Amino acid sequence: MEIKIVKQRPQSIMADVLAMPVFEGQDLSFELKELDAKLGGCIGEMKAKAELKGKTGELHLVNTLGNLPVRYLAVFGLGKADKFNADEFRKSAGELSRALSKKSFKNIAIWLGEMPLAADVLAETASGGVLMGSYRFRKYFTSGNENGIIDEIKLVLGDKADLASASQGLIKGQIVAEAVCSARDLVNEPSSNMTPTDLADFARRLAESSGLDCEIFNESQLLEKGMGGILGVGQGSCQAPKFIILKYTGRDSDELDMAYVGKAITFDSGGISLKPWDKMWEMKSDMSGGAAVITAMGAIAKLRPAINILGIVPATENMPSGCAIKPGDILRMASGKTVEIHSTDAEGRLILADALDYACKQGAKQMVDVATLTGACSRIFGSACSGGFTNNDEFYSKVVAAAKQSGECIWQLPTFEEYKEMIKSDVADIKNVGGPVAGASTAALFLEEFVENRPWVHLDIAGTAYLDKDNGYQVKGGSGASVPTLISLALNIAKIL
Ligand code: BES
Ligand code: ZN
Ligand code: ZN
């Protein structure tokens, strides 16, 4: 899809369809009234009869019967004007593009002339919304593959808008949305075609094309480094584990300003503590955190903020076999700590422990990890938000601010001292399961054991990484959760270094 920004009066726009916004409870805009006059006033009449309300997600298609250069007018709702903001608009643009793509429109124009947002914000949210909202994972359909692919979207601005700043917004919106969609592709791919090796190959190619440094440790390198967590989880699988490292250098300094760590279990069967069959297929998405870190690093390399970041993605399958780790086993992690395994299904924390320890050893000043870590977290929040955990409130507030800015929601959960009791083991330093309650928090406390008291935020995206319905610019399947947050955080922190 190509996205262009133009300044033009709506009457002269050429496209298959021209989309015109309407606010709930407000009169039609001046421009829409002018168009409507050419159509005999049918839109004004729908409004008067309350068939057109302007609610979010509402869409009316009107055939212009040759009275305008466009074949169709698409009148779409933006909701109440007093609730309107950049996030709401991104959602509306997502709904709009998905609905129009399903109707097989190829060339779409959207009138943004009277929108109460700055030109750069408008262009960023409109482009982001349409790219993310019309996303589909089409690769495996054998027919109808081109259905619903939009060729071109024209964002049409009013004559007072600042084109230069709109172009900047467009670039950012596109880079972030492309990273989100590429994370979705990785997540939606069946796990047999997205093995640790496949993910590592993707990261290597991305690094080559975007100028990141890339290093990938294989099994024997992991052995050398004593990474017992990722090796333990990987030992039940035929697929070799990979430890993926991407480095972005945005400023002339040896300091490592930040590490992003992402869980990449390319398939989580549960291991010997096998999961029930019914939703097991969804565990192809258990590498969502890793996908988010990899694609966010690619976007950061394109946006070039003045910051140094390491992206670390431990990647392995979690499978049952005669070689698999067993409940009761004790693993020695890269940090030297020992862990007693109570469930082989609590594997994410084991690979993250080695990755967080690696981030510390590389000198990361602060770190964010992203992981589909616990069913407990998704039971608390559903898909409404990700769980946030921290050992440092100041750093946490920066991560939450970045999430807010980019339209994502993180809600804090506690890491009470009291819960630490629950991960004590009788035979090792700690165990990998806390017990039947507070599962999201005990998982976070487990991770905290490996961050050496450095500022750290853990994002549990178990409920947000894989969605069961379309909503706004979100679509069913892999969501790309936390990609926008990681990008915004890098841009924000670069400004205060
Ligand atoms: N990958 C799962 C968590 C998960 C569940 C993600 C549902 C997305 C949707 C994780 O590895 C896991 O299985 N966690 C266990 C931990 C338990 C054994 C302590 C869980 O949450 O049940
Ligand atoms: Zn698991
Ligand atoms: Zn898992």
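Predicted model: local features only at pLDDT ≥ 70, side-chain atom pairs only at ≥ 80, totals over all residues.

Trainee: Okay, which side chain has an N or O atom 2.8 Å from an oxygen atom of ligand 1?

Mentor: There are two to look at. Lys275 puts a side-chain N or O atom 2.8 Å from an oxygen atom of ligand 1, and Glu347 also has one 2.8 Å from a ligand oxygen. For a nitrogen atom of the ligand, look at Asp286, with a side-chain N or O atom at 2.9 Å. The protein covers 77% of the 520 Å² of accessible area that ligand 1 has on its own.

Trainee: Where does ligand 1 sit, and what is the shell around it like?

Mentor: Ligand 1 is in the largest pocket. Its shell splits into 4 nonpolar, 4 polar and 7 charged residues. Among the 15 residues around it, Lys275, Asp286, Asp345, Glu347 and Gly375 come nearest.

Trainee: Now the metal. Which residues coordinate the zinc ion (ligand 2)?

Mentor: Asp268 (OD), Asp345 (O and OD) and Glu347 (OE) do, at 2.0 to 2.2 Å. Along the sequence, those donor residues follow the spacing D-x76-D-x1-E.

Trainee: Why is the arrangement around the zinc ion (ligand 2) irregular?

Mentor: Start from the ideal: six octahedral donors would give angles of 90 or 180 degrees. Here the 6 donor atoms subtend angles of 70 to 168°, so the arrangement is irregular.

Trainee: What does Asp268 bridge?

Mentor: Asp268 links the zinc ion (ligand 2) with the zinc ion (ligand 3), and the two ions lie 3.2 Å apart.

How values were computed
Residues numbered from 1 in each chain as written. Chains lettered and ligands numbered in written order. Heavy atoms only, no water. Near = heavy atom within 4 Å. Polar contact = N/O pair within 3.5 Å; in protein donor to acceptor, adjacent residues only side chain to side chain. Areas by Shrake-Rupley, 256 points an atom, 1.4 Å probe, with all protein chains shown as cover. 1 Å grid on protein atoms, 1.4 Å probe; cavity = no way out; pocket = protein on both sides within 12 Å on 5 of 7 lines; lining within 4 Å. Sits in = over half its atoms within 2 Å of the grid points. Nonpolar A, V, L, I, M, F, W, Y, C, P; charged D, E, K, R; others polar. Donors = N, O, S within 2.8 Å, 3.2 Å for Na, K, Ca; no water. Tetrahedral: all angles 85-135°; square planar, octahedral: opposite > 155°, others 65-115°.
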